[in-house]
Amino acid sequence: MEEKKAKGVGLATNRFLTFYLEEEVYGVNIFDVKEIIAMMKTTPVPKTPPFIKGVMNLRGNIIPVVDMRVKFDMPEVEPQMYTAIVIITIEGKNIGFIVDKVEEVVNVENENISPPPEFGASVDTKFIKNMAKQKNKVVMILDLVALFGEEELSLVQNLNKTLSDKG
Amino acid sequence: MSLIFFRSSDEAPTSQHVDVFLEGVTVIKATLLYEVEEKAGIPEGYAICLENIRQILLHVEGKAEAPVATASKDLAQEFDNDVFEAPAVPAVDEAALFKTLGENEKLFKIVLTLDVDIYLRGFDHFLFFKNLLHVSRIVASSWSVPACESLEAFEADRNVIKEVVIYCASEKMVEDIADVFAFLEEEEFAISLVMPAQKKDVVAETLAQTKPSLEEKTEVKESVKEEKNKPIAAQTKSFLKIDSLKLDELFDSIGELVIAQNYLGENDKIKAIRDAEVTKTIENLSKITKLIQNRVMSLRMIPIRDTFEKMKRVARDSSKKVNKPIRLVLEGEETEIDKTMVEALSDPLIHIIRNSIDHGIEASPADRIKAGKEEEGVVTLSAYHRGGNIIIEVRDDGRGINKQKVYQKALERGIINANDELSDAQIYNLIMQPGFSTADVISDISGRGVGLDVVRNAIEGVRGKVDVVSSEGLGSTFSIVLPLTLAIIDGMIVRLGDKIFIIPTLSILESFRPSQENVHIAGGKEEFVQLRTELLPIVRLNKTLELGGEMPHPWESTLVCIENQKGKFALLVDELVGRQQVVIKTLGEFFAQTEGVSGGAVMGNGEVALILNVEELY
């Protein structure tokens with residue numbers, strides 16, 4: 001894995017897994033992707049933000065699942081044929097992201113990667129790390145830590161705080 | 001065989017005889033090697049050696065020898081031709097055999113009484129020996145060979161070996177070994193497990209009396225060529241150190257296996273097959289799966305007893321040092337706890353116990369008597385499960401924590417500000433702040449500034465929590481609350497709407513369906529239920545967890561009476577589904593501390609059910 005990564009950098013290319021949400025194409029760094037699985041049943045966890053779909057069983061491990069549509073304020077839809085869960089490893093933890101359709105793995109040259117626009121996307125730009133031009137499409141590369149980390153980490157911190165207050 | 005003769009007779013073997021025996025050993029080794037390498041034929045020297053042995057036999061028994069066997073003759077024939085007067089099966093010293101057993105190995109005695117037509121049926125003894133080697137290690141065998149008939153009467157396709165007794169060591173069950181002989185008629189073989197206590201009369205020819213290596217191999221030669229030439233050294237109990245991460249992985253895989261197995265067992269399509277074979281196989285699979293699951297689970301969990309026992313010594317030493325009579329009471333030693341936690345627990349426990357003895361218990365027995373307590377200070381160490389946690393308490397019946405003193409000290413040391421408003425609990429917890437010490441005199445065992453903050457850090461390191469409760473004059477209690485990272489709990493599965501939750505059975509007192517007249521509503525909102533003489537508040541699970549959904553009348557649903565630290569309450573759920581052992585898994589760091597939920601468990605259908613934290617429900 002590490003080797004591959006080094007190689008990828010050396011060729012000045014970046015590899016992304018692209019997926020669809022509504023009509024928009026998003027990408028995540030392929031090295032953060034653990035696996036892609038078909039949509040499966042999740043168990044909702046009470047008192048969590050609505051974008052947290054719940055938890056699921058990934059071969060014996062319980063991992064949280066985020067509904068990307070809800071996170072990005074898109075209307076929630078029933079799972080379709082192509083609905084998939086992309087399992088992503090953030091800081092050693094696995095998190096599942098529900099996406100409409102997984103597209104492909106693309107190589108993007110460095111010169112085709114640009115900083116995110118100030119506006120224009122239907123998504124809060126703080127979640128977008130880069131824009132990548134690929135053929136005639138523009139792929140929005142997501143910043144996973146900002147996407148899931150920030151809000152959740154503060155949630156965890158708050159909970160810890162309330163707990164220590166109680167104790 | 002000649003060895004047996006020498007063992008059973010008074011005649012001393014000459015050096016010539018010994019040479020023959022040793023040569024015999026060499027030949028057997030060579031033969032075995034041939035066997036192992038699957039070479040055809042018999043090593044050179046085999047025939048000569050055989051002849052030599054035969055000569056000795058001839059010499060000692062003074063009998064006419066049957067025609068010399070040629071090297072190409074098969075072993076069975078060799079036996080038939082051997083002159084050997086052993087009317088009964090030579091007894092084998094079973095006790096000696098036990099010494100050769102490895103860990104977990106059991107000794108089996110197999111008696112083969114094969115019919116004369118056995119060769120015609122396509123079997124021979126060696127086939128069974130060979131198969132037997134797949135499931136066990138043959139340690140000894142003895143053959144009952146009748147006196148030789150005349151060569152004319154000998155028929156190569158007739159079995160004359162009446163009885164063969166085989167001793168073999170195996171970790172397997174009797175059934176597994178019996179499988180080897182599945183082709184035989186029931187009366188032709190008997191397998192029994194030999195118990196260590198069972199000692200037969202030791203006949204002159206015991207296995208233990210001669211040099212084991214020589215004897216062992218000679219025995220082998222006389223009985224079976226198949227026996228592998230492996231050293232049978234007494235195996236000592238051995239332990240393996242395994243990375244706990246590997247165990248976790250194994251555990252996850254087992255979880256998957258259980259789920260897959262449940263899926264098989266509950267699949268309607270498979271059920272529709274209605275075939276006895278299939279059903280049997282699935283049942284077997286389920287049995288094995290459960291066995292594996294239990295074993296793997298038990299790998300990580302160890303009773304806290306050992307750690308507690310260690311504390312006896314700590315308490316004894318400390319009590320001697322500070323010159324206070326102390327009695328250490330242990331409770332709940334059988335509580336099982338994750339291995340990693342046990343390791344992390346030891347030091348903090350020592351620290352707390354020393355602290356309790358040094359600071360907690362009154363300075364002298366006279367002080368205790370003055371306070372109306374018995375002379376001996378009592379420190380109680382207890383462990384139990386509560387609310388999905390393991391709680392370990394160190395309780396002393398000493399003087400308790402002087403709140404005022406703690407507060408003053410904390411002020412002096414700048415840990416708190418004068419205008420801080422602190423609750424009792426917060427004051428007590430001050431003693432676990434770094435640099436805190438109220439001891440006026442530094443003693444040998446505590447008060448050296450390496451304070452209870454070390455304890456707190458260590459416990460927090462395993463995601464636990466330390467709490468102090470104290471009442472002045474009566475004593476203090478340190479509670480270590482540890483999460484169950486990998487603990488198994490007995491869970492009650494309840495249904496609420498279309499959702500399934502698990503309540504730890506330990507915290508459930510009972511469940512009931514109230515009658516309408518026992519339900520009371522206070523202030524138009526708060527619901528109570530009368531259970532015998534008690535009035536319990538009704539907690540609606542869907543309301544507490546903000547799930548929404550219907551609000552059925554309590555008398556139309558099920559109330560589960562639960563006790564937590566704060567008291568009893570009745571939890572309203574739709575119905576009880578069943579009871580099951582579940583493995584607690586955290587929901588991951590992202591919502592490790594979700595209120596009302598202590599973790600999740602993977603159910604039989606592969607879905608995740610949430611385990612309720614009863615402490616936080618009410």
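The questions and answers that follow treat the terms one by one.

Q: What makes a residue count in this model, and how are chains, ligands and residues labelled?
A: This is a predicted model, in which local features need pLDDT of at least 70 and side-chain atom pairs count only at pLDDT 80 or more, while totals for chains, interfaces and linings use all residues. Residues are numbered from 1 along each chain as its sequence is written, chains are lettered from A and ligands numbered from 1 in the order in which they are written, and side-chain values use heavy atoms, with hydrogens and water left out.

Q: Why is Arg399(B) called partly exposed?
A: Buried means under 20% relative accessible area, exposed means over 50%, and partly exposed lies in between (1.4 Å probe, protein chains only). Arg399(B) has a relative accessible area of 37%, so the term is partly exposed. Arg399(B) is found in the loop between strand E9 (389-396) and helix H15 (403-412) of chain B; helices (H or I, at least four residues) and strands (E, at least two) are DSSP runs, numbered from the N terminus.

Q: What makes the pair of His359(B) and Arg399(B) a polar contact?
A: A polar contact is a pair of N or O atoms within 3.5 Å; within protein, one must be able to donate a hydrogen and the other to accept it, and residues adjacent in sequence count only if both atoms are side-chain atoms. The backbone oxygen of His359(B) lies 2.8 Å from a polar atom of the Arg399(B) side chain, so the distance is within the cut-off.

Q: Which residues does Arg399(B) touch?
A: Contact means heavy atoms within 4.5 Å. Leaving aside residues up to four places away in sequence, Arg399(B) touches several residues, among them Asp358(B), Glu362(B), Lys373(B) and Glu472(B).

Q: What makes strands E6 and E7 of chain A a pair?
A: Two strands pair if DSSP finds at least two bridges between them. One of the bridges links Val86(A) with Phe97(A). E6(A) and E7(A) form a hairpin with two residues between them, and Glu91(A) in the turn has a positive phi of about 50 degrees.

Q: How do you know that E5(A) and E7(A) pair?
A: Three bridges join E5(A) (residues 61-67) to E7(A), and these strands run parallel; Val65(A) has Gly96(A) as its bridge partner in E7(A).

Q: Why is E7(A) described as mostly covered?
A: Six of the seven residues of E7(A) (residues 93-99) are buried.

Q: Why are E2 and E4 of chain B said to stand at the edges?
A: Four strands of chain B form an open, antiparallel sheet in the order E2-E3-E1-E4. E2(B) (137-144) and E4(B) (189-194) each have a single partner strand, so one side of each is left without a neighbour in the sheet. Within this sheet, seven bridges join E1(B) (residues 106-112) to E3(B) (residues 163-170), and Leu107(B) stands opposite Ala169(B).

Q: What is the pLDDT of chain B, and where is it below 50?
A: pLDDT is the predictor's confidence in each residue, from 0 to 100. Chain B averages 72, and 65% of its residues score at least 70. Over residues 63-90 of chain B the value is below 50, although the model has 58 contacts there beyond near neighbours in sequence. Residues 198-233 of chain B also stay under 50.
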